[in-house]
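Here's a quick briefing to keep beside the viewer.

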Amino acid sequence: MADHAELDPSEALALIDAESDRVRRALDVRLPVQLMAWGIAWLIGFGALWWDVHRQQPFTGPGVVSAVVFGVLLIAAAVITGVVTAAATRGRGGRSVRQGRDLGIFWGAGFTAFFVFAGGIGGVGLDPEAAGLLFAGGSVILTGLAYLAMAAVFGGAVERLLGGWLLLLVAAGVWTGPVTLNLLIAVLGGGAFLLAAVVTWRRGLRRPEGRATRSSSRAGRG
Amino acid sequence: MADPLDPVIHAPVRLRIMVALNEIGTEDWLTFGRLQSLLELTAGNLVTHLRKIEQAGYVDTLKQSGETRVQLTGLGRSAFDAYRVALRSLLG
């Protein structure tokens, strides 16, 4: 574009609108894509765990195949989250980027500590039903807390609802036992992610008023 | 009568620079390279216009860790808001 091109006021306003839209899209962390990835991972992953154990008498816990399917899907969702976030925040820094990165690191550290902790409990003796409840429920609680933390920092209503729903889901679902808990997490947890993906995608189609700054640095994670 | 539109901002390339920097958080920055790729400008063109905006106090540039970071200042953000208000008032 020529440096000294004449701009009349209506052209200038149109340029602001078009450029804002273009830049916002380039800096967007594609939250619907991330939520969709986690929703599919939870729906199929926890669904596979449930399918594996739903006829067990007595309950012995998921086998290797369903555990591997679950693990691969979660890793795939984590990779998608990492790739789209890295692309959006490339060459960008400052407070909101640091906050988003810290949230991701802290969530990962908490998740790792939880699995080591739960493994330690298993090491001193834990029956399979209790282990099933601990691993499934604990990981969903941590994920719910991560979304609530994101909402506290960036103020997203969808993240707030999703985080609260996941906590409620575990608090209510734990009483149904380890088999049904996996099914509940698959359908109502994975389903909540997919619904959140649709809501954020539809919201993205509407042109937001003013600046869309905070949403462009936060990252979905499950 | 004086031009009511800020001449520092009221030029296509500089306006696009201001829009891009205004889209990120108030305490965030873009590297020179990212800003250049985002706006699809040549380095020379971007430097020329950034210098004019910086001279007006609307952006800060900081060389750190082998990269140049560009950030809108509080004055720049206010000037951009005022520019948009002026545009709208001109259009009635």
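The largest nonpolar core in this predicted model has 69 residues, and those with the most contacts inside it are A:Ile185, B:Ile17, B:Ala20 and B:Leu21. A nonpolar core here is a set of buried Ala, Val, Leu, Ile, Met, Phe, Trp, Tyr and Cys residues joined through C-beta atoms within 7 Å. Helix 2 of chain A (residues 31-53) gives the most to this core, with 12 residues.

A few ground rules: residues are numbered from 1 along each chain as its sequence is written, while chains are lettered from A and ligands numbered from 1 in the order in which they are written. Local features need pLDDT of at least 70 and side-chain atom pairs count only at pLDDT 80 or more, but totals for chains, interfaces and linings use all residues.

**Chain A overall**
- Chain A has 7 helices and 1 strand, where helices (H or I, at least four residues) and strands (E, at least two) are DSSP runs numbered from the N terminus.
- Reading from the N terminus, the order is α-α-α-β-α-α-α-α.
- Of its 222 residues, 37% count as buried; buried takes 20 or more other C-beta atoms within 10 Å of the residue's own, exposed 12 or fewer, and partly exposed is in between, with C-beta atoms placed from the backbone.

**Where the chains meet**
- The contact takes 31 residues from chain A and 25 residues from chain B, with two residues in contact if their C-beta atoms, placed from the backbone, lie within 7 Å.
- On the chain A side, helix 1 gives the largest share, 12 residues.
- Strand 1 of chain A and strand 1 of chain B (residues 28-31) pair in the antiparallel sense over 3 bridges; pairing needs at least two bridges found by DSSP.
- Within that pairing, A:Gly93 has B:Trp29 as its bridge partner.
- B:Ala20 touches A:Glu19 and A:Val23 as well as B:Leu35, B:Leu38 and B:Leu39, leaving out residues up to four places away in sequence.

**Helix 3 of chain B**
- The buried residues of helix 3 of chain B are B:His49, B:Leu50 and B:Ile53.
- They sit on the same side of the helix because they cover an arc of only 105 degrees around the axis, taken from the directions from the helix axis to the C-beta atoms.
- Turned away from that buried side are the exposed residues B:Gly44, B:Arg51 and B:Gln55.
- The cover over the buried residues includes helix 1, strand 2 and strand 3 of chain B.
- After the helix comes B:Gly57, with a positive phi near 85 degrees.
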